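Please brief me on this chain.

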Amino acid sequence: MNARQLPDAWDLPRPRYSGYACVWCGASLMQGGRSAGIASSARGKRYAVEVYECLPGQGCGSRAAPPKD
Ligand SMILES: [Zn+2]
């Protein structure tokens with residue numbers, strides 16, 4: 001459901017790792033966000049965390065998923 005490769009979980013800044021900020025653009029998700037998938041790390045197969053992204057039409061969501069019509 002997500003075509004983009006998630007960044008390495010190990011490299012995520014704290015707010016993104018914790019789900020407070022968009023994993024892609026770093027915008028605050030205090031107004032809402034949606035799951036971007038599970039970010040894992042090449043440094044540890046058990047190291048994985050669910051991360052979040054901007055809602056469609058908000059933040060980078062408007063650029064990443066433009067309307068098809
Ligand atoms: Zn974003």
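The points below go from the overall fold to single residues.

This is a predicted model: local features need pLDDT of at least 70, side-chain atom pairs count only at pLDDT 80 or more, and totals for chains, interfaces and linings use all residues. Residues are numbered from 1 along each chain as its sequence is written.

**Fold**
- The chain has two helices and two strands. Helices (H or I, at least four residues) and strands (E, at least two) are DSSP runs, numbered from the N terminus.
- Along the sequence, their pattern reads α-β-β-α.
- Of the 69 residues, 22% count as buried. Buried means that 20 or more other C-beta atoms lie within 10 Å of the residue's own; exposed means 12 or fewer, and partly exposed is in between, with C-beta atoms placed from the backbone.
- Among contacts between residues at least 6 apart in sequence, 48% join residues at least 24 apart. Two residues are in contact if their C-beta atoms, placed from the backbone, lie within 7 Å.

**Core**
- The largest nonpolar core has 11 residues: A9, A21, C22, V23, W24, L29, A36, A39, V51, Y52 and C54.
- Two or more of these residues come from each of β1 (34-41) and β2 (44-53).
- A nonpolar core is a set of buried Ala, Val, Leu, Ile, Met, Phe, Trp, Tyr and Cys residues joined through C-beta atoms within 7 Å.
- In soluble globular proteins, nonpolar side chains tend to be buried together.

**Y52 and C22**
- Y52 sits in strand β2.
- Y52 counts as buried because 20 C-beta neighbours fall inside 10 Å.
- Setting aside residues up to four places away in sequence, Y52 touches G19, C22, V23, L29, G33, R34, S35 and A36.
- Y52 and Y17 are 35 residues apart in sequence, and their C-alpha atoms are 8.7 Å apart.
- Beyond its neighbours within four places in sequence, C22 is in contact with A27, L29, G33, Y52, E53, C54, G59 and C60.

**G59**
- G59 lies in the loop between β2 and α2 (61-64).
- Why does G59 count as buried? It has 21 C-beta neighbours inside 10 Å.
- Leaving out neighbours within four places in sequence, G59 contacts C22, C25, A27 and C54.
- G59 and W24 are 35 residues apart in sequence, with 9.7 Å between their C-alpha atoms.

**L12**
- L12 is in the segment before α1 (14-17).
- L12 is partly exposed because 19 other C-beta atoms lie within 10 Å.
- Apart from neighbours within four places in sequence, L12 is in contact with P7, Y17, V23 and A39.
- L12 and G26 are 14 residues apart along the chain, and 9.9 Å separates their C-alpha atoms.
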